[in-house]
Amino acid sequence: MRMKQYGAVAVALAGLLTLTACGSNSASSGGNSTSSGGSGGGKNGTVGVILPETATSARWEGFDRPMLQKALSAQGFGADIQNAQGDVQKFSTLADGMIAEGVKVLVIASINSEVGNAVANKAHKAGIPTIDYDRLNLGGSSDYYVSFDNVKVGALQGQDLADALKAKPGAQVIEVEGAPTDNNATLFHQGQEQVLKPLYDSGALKLVASQAIDGWDNQKGGQVFEQLLTGNGNRIDGVVAANDGLAGAIITVLKKNGLNGKVPVTGQDATTDGLKAVLRGDQYMTVFKPIEEEANSAAKLAAALAKGDKSAADAIATGTSQDPKGNRTVKSVLLDPQSITRDQVKVVVDKGYVKASDLCSGDVASVCTQLGIS
């Protein structure tokens, strides 16, 4: 596997451009740890949900929170949804409060596997079932996992980049990956490698460098990319960016060097900023993950677990995921992601994940008109 922790590459570099944390978008990202619903808020009791952060991605507050609230309400539950804001201690403290509250099920979207496992173990001792949400906690104890097919996410990124570079034999590629502590980042990279490694091995493409970015930190990602670009004589033909936030930081560096729009850049999450970059031509693609389906699946699974109905839970979680650290197979709901290039942006709007009024402003308004986005 070519992905490496950035280590010395990401040491403080004097004079480097300070980049905006581009994981944010126009979706609400209030992110303070306020309750959505609350104790006893539903006829079936309360489900606790702990979200990881808001700094690197707007999805957690803009999409997951309201969609989980709606889905749990539809299953007859109150929802105590809190955000740990990237703080491991806060994550643990929030979990302690929910366990003491007596939530029926605890849904864990963890910051890392260590805190996720610790929280799951505490919940199980209190007789509370847990669901790993979006990220599988390696070496953990949750019996169920709800997410997307994250290897396929990476394969979509790799295939779209390969397609964009097929007319450039020997095209040079830099890979900027997600946090090495996030199993999803590992799976994304596995999917990318399925497509790209044979091309690197054959010489059809040339891998300049592959770096993981601790904490999915967009600013660090931009800094690392700038150093790699400079070290390669400002020559690059394509960039694998693991999500839209990292892509935005990379595009800022490309703009500085007059390369934006000339170098295809991948992304993920179909954020408003990412979709705008795709419409501009600065970003080649993003990956759309219909989070409402993820939230609905988690809520249905929580309802089955709250009733102690294992057979109903197994009927929902028909897939499996491997936990190599725990040497176990985890029953899973693995949903299907979709590649979004310029001509598919309308799909995200039509499904209601991004408002046309938010997306089609300023310099991309005319592009929206051309593509029938309204």
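The model is predicted, so local features need pLDDT of at least 70 and side-chain atom pairs count only at pLDDT 80 or more, while totals for chains, interfaces and linings use all residues. Residues are numbered from 1 along each chain as its sequence is written, and side-chain values use heavy atoms, with hydrogens and water left out.

## Overall composition

The protein contains 13 helices and 13 strands. These elements are DSSP runs numbered from the N terminus: helices are H or I with at least four residues, and strands are E with at least two. Of the 374 residues, 57% count as buried. Here, buried means under 20% relative accessible area, exposed means over 50%, and partly exposed lies in between (1.4 Å probe, protein chains only). Among contacts (heavy atoms within 4.5 Å) between residues at least 6 apart in sequence, 75% join residues at least 24 apart.

## The seven-stranded sheet

An open sheet is formed by seven strands in the order E3-E2-E4-E5-E6-E12-E11, with mixed pairing. At its edges stand strand E3 (78–83) and strand E11 (319–323), each of which pairs on one side only. From one strand to the next, the twist averages 25°. Two strands count as paired if DSSP finds at least two bridges between them. Strands of a sheet pair through backbone hydrogen bonds, either parallel or antiparallel.

| Strand pair | Direction | Bridges |
|---|---|---|
| E2 (residues 46–51) and E4 (residues 105–108) | parallel | four bridges |
| E4 and E5 | parallel | three bridges |
| E5 and E6 (residues 144–148) | parallel | three bridges |
| E6 and E12 | parallel | five bridges |

Val-49 stands opposite Val-107 in E4, and Leu-106 stands opposite Thr-130 in E5. Further along the order, Asp-132 has Tyr-145 in E6 as its bridge partner, and Tyr-144 has Lys-331 in E12.

Helices accompany the sheet. Strand E4, helix H3 (residues 113–125) and strand E5 make a right-handed β-α-β unit. Right-handed means that, with the strands pointing away from the viewer, the path from the first strand over the helix to the second runs clockwise.

## Two covered strands

In a regular strand the side chains alternate between the two faces of the sheet. Both faces of E5 are covered: Thr-130 and Asp-132 on one side, and Ile-131 and Tyr-133 on the other, are all buried. In E6, Tyr-144, Val-146 and Phe-148 lie on one side and Tyr-145 and Ser-147 on the other, and all are buried. Why is E6 described as largely enclosed by the rest of the structure? Five of the five residues of E6 are buried, so the strand is largely enclosed in this way.

## Residues in loops

Ile-236 lies in the loop between helix H6 (218–231) and strand E9 (238–241). Its relative accessibility is 7%, so Ile-236 counts as buried. Leaving aside neighbours within four places in sequence, Ile-236 is in contact with several residues, among them Gln-172, Val-173, Val-208 and Leu-254. Ile-236 and Val-208 are 28 residues apart along the chain, and their C-alpha atoms are separated by 8.5 Å.

Most residues other than glycine have a negative phi, and most peptide bonds are trans. Trp-216 has a positive phi, near 55°. This residue is in the loop between strand E8 (205–212) and H6, and Trp-216 is buried with a relative accessible area of 8%. Asn-327 also has a positive phi, near 50°. The place of Asn-327 is in the loop between E11 and strand E12 (328–335). Is Asn-327 buried or exposed? Asn-327 is exposed, with a relative accessible area of 72%.

## The disulfide

A disulfide is a pair of cysteine sulfur atoms within 2.5 Å. By this rule the count comes to one. The disulfide joins Cys-360 to Cys-368, with an S to S distance of 2.1 Å. The link of Cys-360 and Cys-368 is left-handed, with -85° about the S-S bond. Cys-360 is buried at a relative accessible area of 19%, and Cys-368 is buried at 1%.

Notes:
Axes fitted to C-alpha atoms, helices over the stretch in contact; angles between N-to-C directions.
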